[in-house]
Amino acid sequence: MGKLIKNHWARLIVLTAALYQIAAALEGFFWPKIFWDFLTTNLDPAVRPVPVLQCINLVLGILAFAWEWPVPLLSFAKTAMHRSIEARLAVYPLASLSALLLYQGTNPGIYYMIGMGVYFWAYSEGEVVCPEPWALPRRRRAGTV
């Protein structure tokens, strides 16, 4: 049997989270609500009258989607940013936090945390993201160093 390529699995999880975050941000424009409003109303100015949190979620969702699905038009593919698991582990906690603050974005926030855990697992095992999207890492040939 083959070996699980964890960064591909994490990419699928984060793609799901990013798409869900975009949908949650768009829904938040129509029904603005902070998830933690049952504890305090101090965060309400972040969603109304000016939809700051919804715009942040929309931008971070589009960025994460473009980062994980590197289409040629956006040209994230084959860049150092695309191949960096460390950069993902630095940016996705911010995307998760902004998603968790919005009522409609609690599920993508949890998905981001799961994706970050899988990316960390991949990073700790020494996996690398290939320059070409969805490519398999090449094996070293026997007898070469």
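**Salt bridges in the predicted model**

A: The model is predicted; its chain has a mean pLDDT of 87, and 89% of the residues reach 70 or more. The structure holds four salt bridges.

Consider glutamate 68 to begin with. Arginine 11 forms a salt bridge with this glutamate 68, with the closest N and O atoms 3.4 Å apart. Because arginine 11 belongs to helix H1 and glutamate 68 to helix H2 (residues 52-68), the pair ties together parts that are 57 residues apart in sequence. Glutamate 68 also meets arginine 88 in a salt bridge, at 2.8 Å from N to O. That pair links distant parts of the chain, since glutamate 68 is in helix H2 and arginine 88 in helix H4, 20 residues apart.

The surroundings of these side chains can be described as well. Glutamate 68 has 0% relative accessibility and therefore counts as buried, the limit being under 20%. Arginine 11 is buried too, with a relative accessible area of 2%, and arginine 88 is likewise buried.

A further salt bridge joins glutamate 125 and lysine 6, whose closest N and O atoms are 2.9 Å apart. Here glutamate 125 is in the segment after H5 and lysine 6 in helix H1 (residues 6-30), 119 residues apart. Lysine 6 is buried at 4% relative accessibility, whereas glutamate 125 is partly exposed at 45%. Lys6, Glu125 and Glu127 are linked in a network of salt bridges.

Technical notes:
Residues are numbered from 1 along each chain as its sequence is written. This is a predicted model: local features need pLDDT of at least 70, side-chain atom pairs count only at pLDDT 80 or more; totals for chains, interfaces and linings use all residues. Side-chain values use heavy atoms; hydrogens and water are left out. pLDDT is the predictor's confidence in each residue, from 0 to 100. A salt bridge is a side-chain nitrogen of Lys or Arg within 4 Å of a carboxyl oxygen of Asp or Glu. Helices (H or I, at least four residues) and strands (E, at least two) are DSSP runs, numbered from the N terminus. Buried means under 20% relative accessible area, exposed over 50%, partly exposed in between (1.4 Å probe, protein chains only).
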